[in-house]
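Me: I would like to go through this structure with you. Please set each value against its definition.

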Amino acid sequence: MSGARIAFLNARLLDPKSGLDAPGALLVENGTIRDFGPRLFHDGAPAGAAIVDCRSLALAPGLIDMRVFTGEPGSEHRETLESVSRAAAAGGVTAIVVMPNTEPVIDEPSLVDFIKRRAAATAFVRVLPMAALTHRLAGEAMTEIGLLLEAGAIAFTDGDRTVANARIMRRALAYASTFGALVVGHAEDPDLAESAAMNEGEFATRLGIPAVPPAAETIIVERDIRLVELTGARYHFGQISTRGALEAITAAKARGLPITCGVSAHHLSLNELDVGAYYTFRKVKPPLRSEADRMAMVEGVAAGEIDVVVSSHDPQAADTKRQTFAQAAFGAIGLETLLPAALTLHHNGFASLLRVLETMTSAPAGVLGLESGALVKGAAADLVLFDPDEPFAVDPARLHSRARNTPFEGRTFQGRVHRTYVAGVCVFDGADDVGAR
Amino acid sequence: MRGAGGPILKTSHLLGIETLSIGEITALLDLADEYVGLSRVAEKKSAILKGRTLINLFFEASTRTQSSFELAGKRLGADVLNMSVRSSSVSKGETLIDTATTLNAMRPDILVVRHQDSGAAELLSRKLDCCVVNAGDGSHEHPTQALLDALTIRRRRGDFAGLVVAICGDILHSRVARSNILLLSKMGARVRLAAPRTLLPAEADRLGVEIYTDMRDALSGADIVMMLRLQLERMAGAFVPSTREYFRFYGLDRDKLRHAKPNVLVMHPGPMNRGVEIDSAVADDVEVSVIQEQVEMGVATRMAVLDALARGLAREGRNAP
């Protein structure tokens, strides 16, 4: 299949990087983008190529999701690299950055190698492993960042844990900067967040749930900005959730610091009131915030102050979610709802379609230092074919993830993925109404 | 062949390289060069320090430096007393100034001091009537090491002007690096530092050196490579993640050394961590490694320093023998 020529005809070509939004065609040959443009194949389809009639559906670079938790190795009952890659493909995501929070923790070169080999053998999409920033995520001793980079780690993070000790964080950032390595931080003061299950405020008070104030996020954001200033490390806040954090990051960027940030589709779509009647599938970390904070996130994405939108896909098994709210695990799956949830910003008039796509294509590629995430001749044909307007009702039974903990059950978004291609190979075909002749 | 020569040092102590002039450094190296000859004959004794008392006061264990000073003192005819912290009252809570006062009463002529804290030699020099030689204070200075390194280089290369010297490893904690940076810069060499950012001191570029984090870049075209010892307790994740990672990126092996000039000299103040900061294949290669030569130059350099200080004693007529 990958050796073949595939001609995508009658497509709406979308490329956030170049600003292209026009009807046209695209030719894939040997797994790479051979040519594309509004005038391509005006004189008719090429002979010998498989034809995909896109019927004006959008054809865009495949999505890059910078924040995905899996259960492999160690918790394969929650999610494997194979099952998570099926969910990714169904969501139009062609590359996933996987977190090191597994058992064992991905904190040494042979384990990065393991993830890469397992992904090569079982996954349908590209798997980009992050390695731990500190040994066993304990926040005490830095990992072998140089050797891990050589083994193929794309960035360094303690996942959903904050390195509490500023001295250790400073040294880890200084050491990472030696190699130009990207550090992805989680901003939540662990002492303020201890035993907290949701956002601090009136609603948590009424529910009687232990809660964490937004300041827990701002404190670490401001600390880490100072440490970046001291060390020169490249730093990405994996996901933020508060206006305070966004303001601090925006100011730091204006000072020229090498800082970027992301937000999850959950935090763009839901607020603390959605916790409702102790709904554990909406217990996430950081917690769903106030409506004012959610709106700040939406506006931050629209303004380009928030660089990246992520799924924060975190599969949990029934045993960890069928609990009281206080005892339930954090996390929600999100790979298959990432695109439709993010497109809400477009449909509600906050951001253009290209801006929304940029946060999941060229922007994460830029943060990660990848060439992908754009329509470029000669680049790998990682593509998503989707209808930005078609209704998409979230039915947990029809999701591809091994886990079912979606916070969007029953919700109807606009935006549906029809096909996903990785290196010219169709890894997801979910629509009957796309003509493949 | 040697009597009491003319004055060499303007001060009665050797606390660091910082205050030495180019003339003082050159004169010390010239004198040390003469002592290399004396140390190579069967009759190594001189009477220059006859009747003088030299105390080696080491708060930090250092077999190499202490025996080098001891030998230097004995070859010059001094009475040498070694005091280590474990046998002194310091471990019983005495302050450094109390120790100084006590020592002063013993009327030594020269005190050689090694201390874990920066500024300790300076403090003693203000409280004692004798000459004080800094044999290493904290992360501050180790002047005799820099002088012996300079002697080794000068005997091999003749001059310092234009030499490219790469100092690699734990710069942050290294007094050897600080003294060498000062001395080599003064003498006209171009000094480069190579280390992970965790082992580079703040604003190191203000010391008049070039900073590198990639060791191959630092070694490119280098005439001299000086390796520093990495203390074992700094390897387990605090400053660098592991010895194997350190060796991979900052250990001197043949592959990295290929970037230096063909006639490069490799130096190390010792003791070496083989397989951590230096590969045995390089350390033991007599074509490039002058590590053993440094040890020999150490004794001659310390003889020159003791001689120079004794000239000052004679001049002032203090404790005249």
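Me: What does helix 5 of chain B lie across, and at about what angle to strand 9 of chain B does helix 5 run?
Reply: This is a predicted model, where local features need pLDDT of at least 70, side-chain atom pairs count only at pLDDT 80 or more, and totals for chains, interfaces and linings use all residues. Residues are numbered from 1 along each chain as its sequence is written, chains are lettered from A and ligands numbered from 1 in the order in which they are written, and side-chain values use heavy atoms, leaving out hydrogens and water. Helix 5 of chain B lies across strand 8 and strand 9 of chain B. Its direction makes about 165° with strand 9 of chain B. Axes are lines fitted to C-alpha atoms, for helices over the stretch in contact, and angles run from 0 to 180 degrees between N-to-C directions. Helices (H or I, at least four residues) and strands (E, at least two) are DSSP runs, numbered from the N terminus.

Me: Why is Arg154(B) called buried?
Reply: Buried means under 20% relative accessible area, exposed over 50%, partly exposed in between (1.4 Å probe, protein chains only). Arg154(B) has 15% relative accessibility, so it counts as buried. It sits in helix 5 (residues 143–157) of chain B.

Me: Which residues is Arg154(B) in contact with, leaving aside neighbours within four places in sequence?
Reply: Contact means heavy atoms within 4.5 Å. By that rule Arg154(B) contacts Thr26(B), Leu29(B), Asp30(B), Asp33(B) and Phe160(B), with neighbours within four places in sequence left aside.

Me: What makes strand 5 and strand 8 of chain B a pair?
Reply: Two strands pair if DSSP finds at least two bridges between them. Four bridges join strand 5 (residues 164–168) to strand 8 (residues 224–227) of chain B, and the two run parallel. In one of these places, Cys168(B) has Met227(B) as its bridge partner in strand 8 of chain B.

Me: What is the order of the strands in the open sheet of five in chain B?
Reply: The order is 7-6-5-8-9, with parallel pairing. Strand 7 (210–212) and strand 9 (265–267) of chain B are the edge strands, as each pairs on one side only. From one strand to the next, the twist averages 20°.

Me: Why is strand 4 of chain B called largely enclosed?
Reply: Seven of the seven residues of strand 4 (residues 131–137) of chain B are buried, so the rest of the structure largely encloses it. Strand 3 (residues 110–115) of chain B pairs with strand 4 of chain B in the parallel sense, over five bridges. Ile110(B) stands opposite Cys131(B) there.

Me: How many disulfides are there over all chains?
Reply: A disulfide is a pair of cysteine sulfur atoms within 2.5 Å. The count over all chains is zero. For Cys54(A), the nearest cysteine sulfur is that of Cys426(A), 11 Å away. For Cys130(B), the nearest is that of Cys131(B), 6.6 Å away. Cys130(B) is buried, at a relative accessible area of 2%.

Me: How many residues does the largest nonpolar core have?
Reply: A nonpolar core is a set of buried Ala, Val, Leu, Ile, Met, Phe, Trp, Tyr and Cys residues joined through side-chain atoms within 4.5 Å. The largest has 189 residues. Ile96(A), Phe237(A), Ile167(B) and Leu252(B) have the most contacts inside it. Helix 11 (residues 291–316) of chain B gives the largest share, twelve residues.
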